[in-house]
Amino acid sequence: MHQWVTHSPEETMAFSECLASYLKPGDVLTLSGDLGAGKTIFSKGIAKGLGITEMVNSPTFTIVKEYHSGRIALYHMDVYRISDEEDIGLEDYFEQDGVTVIEWAENIPSWLPKDVLSIAVKRVNEQERIITCAAGGTRSERIYEEISKDERISH
């Protein structure tokens, strides 16, 4: 596990934009953190890094928002209001041709594929965030190694 500190929403977005440069279709990222920690800002950076031109916002009430305008599709999920017992077919997205980003994934652990990059965003104060990444499989370990060595991101 590695930690990075960002000092503004723009830095958080730049971090996730950089991370997106390593993503391929089929990659799954989970985002955890308290309300207001910066998960949606992080998702916006992923979208920007994938070349998504549409406005990205939290899919809290729709559960999933799909964005297809970039080099890779983005499936942005917010499962805050979903429990592990409900089966609404979200796991079908994991096998499609896009990147899946799941906010509040801790609510649906049994649905998640084995190979995910887990990202925790912790609010330190109004501006600073601590970002922690943990890999859960071969593909996510490769992404983790690349982002850990990337000089565009301060450590």
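This briefing walks through the sheet, the helices, the nonpolar cores and the charged pairs of the structure above.

The model is predicted, so a few ground rules apply: local features need pLDDT of at least 70, side-chain atom pairs count only at pLDDT 80 or more, and totals for chains, interfaces and linings use all residues. Residues are numbered from 1 along each chain as its sequence is written, and side-chain values use heavy atoms, with hydrogens and water left out. Helices (H or I, at least four residues) and strands (E, at least two) are DSSP runs, numbered from the N terminus.

- As background, strands of a sheet pair through backbone hydrogen bonds, either parallel or antiparallel.
- Strand S3 (residues 64-67) and strand S4 (residues 73-78) run antiparallel and are joined by four bridges.
- A hairpin of five residues connects S3 to S4, and lysine 65 stands opposite histidine 76 in S4.
- S4 and S5 pair in the parallel sense, over six bridges.
- Leucine 74 has valine 99 in S5 as its bridge partner.

**Helices against the sheet**

- Glutamate 146 belongs to helix H3 (residues 138-149) and counts as partly exposed because its relative accessibility is 31%; buried means under 20% relative accessible area, exposed over 50%, and partly exposed in between (1.4 Å probe, protein chains only).
- The C-alpha atoms of glutamate 146 and alanine 73 are 21 Å apart, while the two residues are 73 apart along the chain.

**Nonpolar cores**

- A nonpolar core here is a set of buried Ala, Val, Leu, Ile, Met, Phe, Trp, Tyr and Cys residues joined through side-chain atoms within 4.5 Å.
- The largest nonpolar core has 29 residues, and those with the most contacts inside it are Leu19, Leu29, Phe42, Ile46, Leu74 and Ile119.
- Two or more residues of this core come from each of helix H1 (9-20), strand S2 (28-32), helix H2 (39-49), strand S5 (98-103), strand S6 (117-123), strand S7 (129-135) and H3.
- H1 gives the most to this core, with four residues.
- Isoleucine 119 touches Leu19, Leu29, Thr30, Leu31, Ser32, Phe42, Ile131, Thr132 and Cys133, not counting residues up to four places away in sequence; contact means heavy atoms within 4.5 Å.
- A second, separate core has 16 residues, including Val64, Leu90, Ala105 and Ile108.

**Salt bridges**

- The structure holds four salt bridges, each defined as a side-chain nitrogen of Lys or Arg within 4 Å of a carboxyl oxygen of Asp or Glu.
- Glutamate 17 forms one of them with lysine 48, the closest N and O atoms being 3.8 Å apart.
- Glutamate 17 lies in helix H1 and lysine 48 in helix H2, so this pair ties together parts that are 31 residues apart in sequence.
- Another joins aspartate 27 to arginine 139, with the closest N and O atoms 2.9 Å apart.
- Aspartate 27 is in the loop between H1 and S2 and arginine 139 is in helix H3, so this pair ties together parts that are 112 residues apart in sequence.
- Aspartate 27 counts as buried at 5% relative accessibility, and arginine 139 is buried too, at 18%.
- Glutamate 126 pairs with arginine 123 in a salt bridge, with the closest N and O atoms 2.3 Å apart.
- Glutamate 126 is exposed at 57% relative accessibility, whereas arginine 123 is partly exposed at 39%.

- Serine 8 lies in the loop between S1 and H1 and is buried, with a relative accessible area of 13%.
- A polar atom of the serine 8 side chain lies 3.1 Å from the backbone nitrogen of glutamate 11.

Methods:
Pairing = 2+ DSSP bridges. Polar contact = N/O pair within 3.5 Å; in protein donor to acceptor, adjacent residues only side chain to side chain.
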